[in-house]
Amino acid sequence: MPVTAPPTPPGAAPAPSAAAPARRRPQPALSYELFPARGEASWEKVQRAVAALEATRPDYVSVTCASARGNFPRVLELVDHILAETSLRPLVHLTSVGSSTQELSGSIRDLLERGVRGILALRGDIPPGYDTREDEFPFARYLVELIRRIEREETAALAAGRLAIGVATYAQRHPESPSHQHDIEVLVTKERSGADFAITQAFFDPAEYSDLVRRARRAGVTIPIIPGFVPMTSVRRLTRFAELSGVHAPAAHLHALETATSPEERRRIGIAASTRLIRAVLDDGAPGVHLFTFNEHVDALGVLEQVDLGRWASSPVSA
């Protein structure tokens with residue numbers, strides 16, 4: 001999970017020197033999001049993506065989960081592969097909508113028994129016609145509280161350790177939210193319930209992320225807020241992302257991709273735009289980079305190579 005340097009003890013002073021060195025900024029955290037496979041062909045694709053991304057030494061990889069955990073066996077398949085075959089640490093998405101306390105408790109304990117030590121607690125998308133007023137977990141903060149309760153019950157198995165719990169937030173207004181202020185209030189309750197960090201939905205204007213952090217800090221949020229990014233190389237991917245999240249890429253960028261004269265030009269345009277966005281956010285103090293890969297590791301690695309976080313274990317992997 002994202003790690004920050006420990007604070008300097010009160011009253012501590014640097015060793016005497018002719019000139020005090022400039023304070024070095026901590027290396028930004030790096031993480032990726034992966035989808036579980038839907039079949040054997042896509043399973044092979046996911047395995048290739050995992051192997052390629054591992055070379056960049058990310059802090060963790062997140063594994064998505066469908067609402068109501070309908071694909072949970074596939075989630076566990078990918079988690080088991082990551083734990084058994086790689087050095088990566090999985091952050092497993094867990095959605096709560098439509099689930100009972102018993103069902104969620106069983107899933108959480110199953111993850112812990114497998115060795116998972118990071119969970120992204122999400123409400124999940126509401127199915128059409130579903131009435132959340134009768135749901136046991138209408139908000140993600142209740143899932144965070146359940147995870148913390150099970151953590152306390154499993155303290156011996158965890159060797160008195162602590163799970164890392166992430167939550168989601170939006171740089172743009174959440175599609176169901178009445179206001180930006182409401183989004184901040186939701187984030188405050190998630191932190192108070194026990195969240196350790198937040199990952200934003202993707203955005204395309206660095207000012208939106210800066211504004212989110214500013215408003216969150218003013219409201220008392222102290223946890224790291226990690227920006228999420230979609231590699232901006234594919235019209236199809238950006239269109240699909242807009243359908244899933246309600247967040248739309250700039251029309252001018254989509255036009256540039258659509259009028260590119262070759263796949264190579266289209267990829268250059270997308271990687272350049274992604275790089276500018278990420279660098280702007282990092283320059284503004286973002287604690288890390290979270291890339292939504294859509295299991296397309298080549299574009300994610302192309303963006304990372306240009307941003308240059310110094311994460312390559314060897315030469316960059318491009319296939």
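User: What makes Arg114 and Asp80 a salt bridge?

Analyst: The term asks for a side-chain nitrogen of Lys or Arg within 4 Å of a carboxyl oxygen of Asp or Glu. In this predicted model, the closest N and O atoms of Arg114 and Asp80 are 2.8 Å apart, so the pair meets the definition. Arg114 belongs to helix H3 (residues 101–114) and Asp80 to helix H2, so the pair ties together parts that are 34 residues apart in sequence.

User: What should I know about the model and its numbering?

Analyst: The model is predicted, so local features need pLDDT of at least 70 and side-chain atom pairs count only at pLDDT 80 or more, while totals for chains, interfaces and linings use all residues. Residues are numbered from 1 along each chain as its sequence is written, and side-chain values use heavy atoms, with hydrogens and water left out.

User: How many helices and strands are there in the chain?

Analyst: The chain has ten helices and nine strands. These are DSSP runs numbered from the N terminus: helices are H or I with at least four residues, strands are E with at least two.

User: Why are Arg114 and Asp80 called partly exposed?

Analyst: The classes rest on relative accessible area: buried is under 20%, exposed is over 50%, and partly exposed is in between (1.4 Å probe, protein chains only). Arg114 has 31%, so it falls in the middle class. Asp80 also counts as partly exposed, at 31% relative accessibility.

User: How do you know that Glu77 and Arg74 form a salt bridge?

Analyst: The closest N and O atoms of Glu77 and Arg74 are 2.8 Å apart, and the pair is therefore a salt bridge by the distance rule. Both residues lie in helix H2 (residues 72–85), three residues apart, which is about one turn of the helix. Glu77 is partly exposed at 25% relative accessibility, and Arg74 is partly exposed at 24%.

User: What is the N to O distance in the salt bridge of Glu154 and Arg109, and which parts of the chain does the pair link?

Analyst: The side chains of Glu154 and Arg109 meet at 2.5 Å, N to O. The pair links distant parts, with Glu154 in the loop between helix H4 (140–153) and strand S5 (164–169) and Arg109 in helix H3, 45 residues apart. At 24% relative accessibility Glu154 is partly exposed, and at 26% so is Arg109. The whole structure has 15 salt bridges.

User: How many aromatic pairs does the structure hold, and why is the pair of Phe139 and Tyr142 called tilted?

Analyst: There are seven aromatic pairs. Phe139 and Tyr142 have 6.1 Å centre to centre and 55° between the planes. Rings of Phe, Tyr and Trp (its six-membered ring) pair if their centres lie within 6.5 Å, and planes under 30 degrees apart count as stacked, over 60 as edge-to-face and the rest as tilted. The distance of 6.1 Å therefore makes a pair, and the angle of 55° makes the pair tilted. Phe139 is partly exposed at 45% relative accessibility, as is Tyr142 at 27%.

User: What makes Phe203 and Phe229 an aromatic pair, and are these residues buried or exposed?

Analyst: The centres of Phe203 and Phe229 are 5.5 Å apart and the planes are at 55°, so the rings form a tilted pair. Phe203 lies in the loop between strand S6 (197–200) and helix H6 (206–218) and Phe229 in strand S8 (residues 228–229), so the pair ties together parts that are 26 residues apart in sequence. Phe203 counts as buried at 1% relative accessibility, and Phe229 counts as buried at 3%. Ring pairs also link Phe203, Tyr209 and Phe229 into a cluster.

User: Where are Arg57 and Asn295, and what is the phi of each residue?

Analyst: Arg57 sits in the loop between helix H1 (40–54) and strand S2 (60–63), and its phi is near 55°, a positive value in a residue other than glycine. Asn295 sits in the loop between strand S9 (288–292) and helix H10 (297–307). Asn295 is not a glycine either, and its phi is positive, about 65°. Arg57 is partly exposed at 46% relative accessible area, whereas Asn295 is buried at 9%.

User: What share of the chain is buried?

Analyst: Buried residues make up 49% of the 319 residues.
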